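Here is a short tour for anyone who likes to see the overall fold before zooming in on a single residue. Have the structure open as you read.

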Amino acid sequence: MGIMIESTPLRLTVELSGEIDHHNAAVLRMEADEAIQQNLSSIVCLDFGEVTFMDSSGIGFVLGRYKIVDSYGGSIEVVNLSQRLYMMMKLAGLEKLMKLKMKG
């Protein structure tokens with residue numbers, strides 16, 4: 001599990017790697033929330049390109065960040081999703097709240 005944060009004036013990118021499960025979701029939430037609250041970027045991009053496994057904690061992670069960003073009028077994009085992760089998020093209804101983009 002890893003997280004890397006990149007910030008520009010208009011966009012905050014949170015690059016995730018490894019596994020997202022109930023064991024490490026709390027650490028990811030803390031680091032992402034701190035960066036989001038410091039920057040208040042209009043677009044927050046969650047990059048799942050290096051995520052190897054995700055359970056329902058990953059859906060909770062995305063939804064929690066959506067609520068924070070939506071509260072100040074920003075938007076979320078979830079990018080570089082594998083086909084499996086894309087389908088999980090689509091089945092959870094996340095495409096109605098944010099942009100979902102598969103790898104490639």
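From the N terminus on, the elements of the protein follow the order β-β-α-β-α-β-α-β, which comes to 3 helices and 5 strands. The radius of gyration is 12 Å, close to the 13 Å that the globule rule gives for 104 residues, so the protein is as compact as a globular protein of that length. Please keep in mind that this is a predicted model.

A few whole-protein values are handy to have side by side:

| Property of the protein | Value |
|---|---|
| Span of the C-alpha trace along its principal axes | about 30 × 25 × 25 Å |
| Residues that count as buried | 44% of 104 residues |
| Accessible surface | about 5600 Å² |
| Accessible surface belonging to carbon and sulfur atoms | 54% |

As for charge, the protein has 10 positive and 13 negative charges, and their mean positions are 9 Å apart.

Now for one residue in this setting. Ile43 belongs to strand E3, which covers residues 43–54.

Leaving aside residues up to four places away in sequence, Ile43 touches Leu10, Arg11, Leu12, Ser75 and Glu77. Take Leu12 from that list: Ile43 and Leu12 are 31 residues apart in sequence, while their C-alpha atoms are 6.4 Å apart in space.

Notes: Residues numbered from 1 in each chain as written. Predicted model: local features only at pLDDT ≥ 70, side-chain atom pairs only at ≥ 80, totals over all residues. Heavy atoms only, no water. Helix = DSSP H or I, 4+ residues; strand = E, 2+ residues; numbered from the N terminus. Contact = heavy atoms within 4.5 Å. Rg over C-alpha atoms; globule rule 2.2 N^0.38 Å. Buried < 20%, exposed > 50% of the residue type's maximum accessible area, 1.4 Å probe, protein only. Areas by Shrake-Rupley, 256 points an atom, 1.4 Å probe, with all protein chains shown as cover. Lys, Arg positive; Asp, Glu negative; His and termini not counted. Charge placed at Lys NZ, Arg CZ, Asp CG, Glu CD.
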